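Here is a short report on side-chain contacts. Look over the sequence and the fold before reading on.

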Amino acid sequence: PPMLFYNRVKAKPGATVLLTNGRDPILTVWEFGKGRAAAFAPDAAPHGATPEFLNWRYFGAFWSRLVKWTCGK
């Protein structure tokens, strides 16, 4: 779904970029020590996200899977 805006970031060395807008990373994941981390650059709250994104049929599954991955499940 469309996004209103995103924070312009650089992927950390060794990170895996899963989603981009042009050359800008939008969703990046990496391992850190014994854990995992993720960076999602767009806004995912009602004040900054489009209704199409908030009502996207995979919205819940996307966040659930991302959190489970970062937790090591």
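Is Tyr58 buried, partly exposed or exposed? Tyr58 is partly exposed, with a relative accessible area of 42%. Buried means under 20% relative accessible area, exposed over 50%, and partly exposed in between (1.4 Å probe, protein chains only).

## Basis of the model

This is a predicted model: local features need pLDDT of at least 70, side-chain atom pairs count only at pLDDT 80 or more, and totals for chains, interfaces and linings use all residues. Residues are numbered from 1 along each chain as its sequence is written, and side-chain values use heavy atoms, leaving out hydrogens and water.

## Aromatic rings

Rings of Phe, Tyr and Trp (its six-membered ring) pair if their centres lie within 6.5 Å; planes under 30 degrees apart are stacked, over 60 edge-to-face, and the rest tilted. The count is nine aromatic pairs. Trp56 and Tyr58 make an edge-to-face pair, 5.8 Å centre to centre with 75° between the planes. Trp56 is partly exposed at 29%.

Phe62 and Trp63 also pair edge-to-face, at 4.9 Å and 80°. Trp63 is partly exposed, at 23% relative accessibility. One aromatic cluster holds Phe40, Phe53, Trp56, Tyr58, Phe59, Phe62 and Trp63.

## Salt bridges

A salt bridge is a side-chain nitrogen of Lys or Arg within 4 Å of a carboxyl oxygen of Asp or Glu. There are two salt bridges. One joins Asp24 to Arg8, with the closest N and O atoms 3.3 Å apart. Asp24 is buried at 13% relative accessibility, whereas Arg8 is exposed at 70%.

Arg36 bridges to Glu31, with the closest N and O atoms 3.9 Å apart. Arg36 is partly exposed at 32%; Glu31 is exposed at 58%.
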